[in-house]
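Q: Could you take a close look with me at one part of this protein? I would like a connected walk through it, at the level of single side chains.

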Amino acid sequence: KVDELMGHFSEDSVVTHHGDNRVPFMGTFNGHDGMRDWVAQYAAELEHVSPPVMDNYAAMGDVVYHTYSARVRVNKSGNEVDVVSVNLIRFNEHGKVVEMSFGGNTHEVVAAYGDTLWLSSPLELYNSINDCEFLRLVSLKVSWVLLHGIRIGKQAYSKPVLINRRVIYKK
């Protein structure tokens, strides 16, 4: 099925699933190989508990927007979460998909991973929260990092702390 799907994508298509890149399917994936990787990682990480609903389509020029919702189970933790997103699909002049972008409540998906998301270093913490604003780095040591003023979506966290490779958020 994935190879059949690739027939609708340009060779240089880009898929972006916005969110914390510690989750394997969140990030940017390029070309047909990237799309295959994204589909495989999504399928390996999540199981649909309810069928996905894609509706509220709107088109303008070469772009189509739609909403997506489903209840999923995170395979690593067993936790369930309702996923909601607004997705963008952009087409080229030949009718092939050149861009797909998924954005929604990814912070809730990350929370559903629970303690299964680990970081290998403070640098990975910095790189993993790609949709955040870092306001001030307070302290950096070998085994932990303390940051002030991180905003993830609409939720502000005053002190996310990485201790023994585990992120603990304090509001």
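Are Trp 38 and Tyr 42 buried or exposed?

A: Happy to. Both Trp 38 and Tyr 42 are buried. Please keep in mind that this is a predicted model, so a word on confidence comes before the details.

The protein has an average pLDDT of 75, and 68% of its residues score at least 70. Among the elements, strand 3 (residues 46-48) has the highest mean pLDDT, 95, while strand 8 (residues 136-140) has the lowest, 32. Two stretches call for caution. Residues 120-124 have a pLDDT below 50, with 9 contacts in the model beyond near neighbours in sequence. Residues 126-171 are also below 50, and that stretch has 99 contacts in the model beyond near neighbours in sequence. Where pLDDT is low, the predicted coordinates should not be read in detail.

Helix 2 covers residues 31-45, which makes 15 residues. From its first C-alpha to its last, helix 2 reaches 21 Å, close to the 21 Å expected at 1.5 Å a residue. Its buried residues are Gly 31, His 32, Gly 34, Met 35, Trp 38, Tyr 42 and Glu 45. The cover over these buried residues includes helix 1 (2-6), strand 1 (9-17), strand 2 (27-30), strand 3, strand 5 (63-74) and strand 7 (97-104).

Next, the rings. The structure holds 3 aromatic pairs. In one of them, Phe 25 and Tyr 42 have ring centres 4.9 Å apart and planes at 65°, so this pair is edge-to-face. Phe 25 sits in the loop between strand 1 and strand 2, and Tyr 42 in helix 2, so the pair ties together parts that are 17 residues apart in sequence. Phe 25 is buried at a relative accessible area of 1%. Tyr 42 has a relative accessible area of 15%, and it counts as buried because the cut-off is under 20%.

Tyr 42 also pairs with Trp 38: their ring centres are 5.7 Å apart and the planes meet at 40°, so this pair is tilted. Trp 38 and Tyr 42 are 4 residues apart in helix 2, which means that about one helical turn separates them. Phe 25, Trp 38, Tyr 42 and Phe 102 form one aromatic cluster.

Thr 16 is buried, with a relative accessible area of 16%.

Strand 1 pairs with strand 7 in the parallel sense over 5 bridges, and Val 14 stands opposite Glu 99 in strand 7. With strand 2, strand 1 pairs in the antiparallel sense over 4 bridges. There, the bridge partner of His 17 is Gly 27 in strand 2.

One last stop is strand 5, which is among the elements covering the buried residues of helix 2. His 66 lies in strand 5 and is buried, with a relative accessible area of 5%. Not counting residues up to four places away in sequence, His 66 touches Met 54, Asp 55, Asn 56, Tyr 57, Ser 85, Val 86, Asn 87 and Ile 89.

Key:
Residues numbered from 1 in each chain as written. Predicted model: local features only at pLDDT ≥ 70, side-chain atom pairs only at ≥ 80, totals over all residues. Heavy atoms only, no water. pLDDT = per-residue confidence, 0-100. Helix = DSSP H or I, 4+ residues; strand = E, 2+ residues; numbered from the N terminus. Contact = heavy atoms within 4.5 Å. Expected span 1.5 Å × (residues − 1). Buried < 20%, exposed > 50% of the residue type's maximum accessible area, 1.4 Å probe, protein only. Phe/Tyr/Trp six-rings, centres within 6.5 Å; stacked < 30°, edge-to-face > 60°. Pairing = 2+ DSSP bridges.
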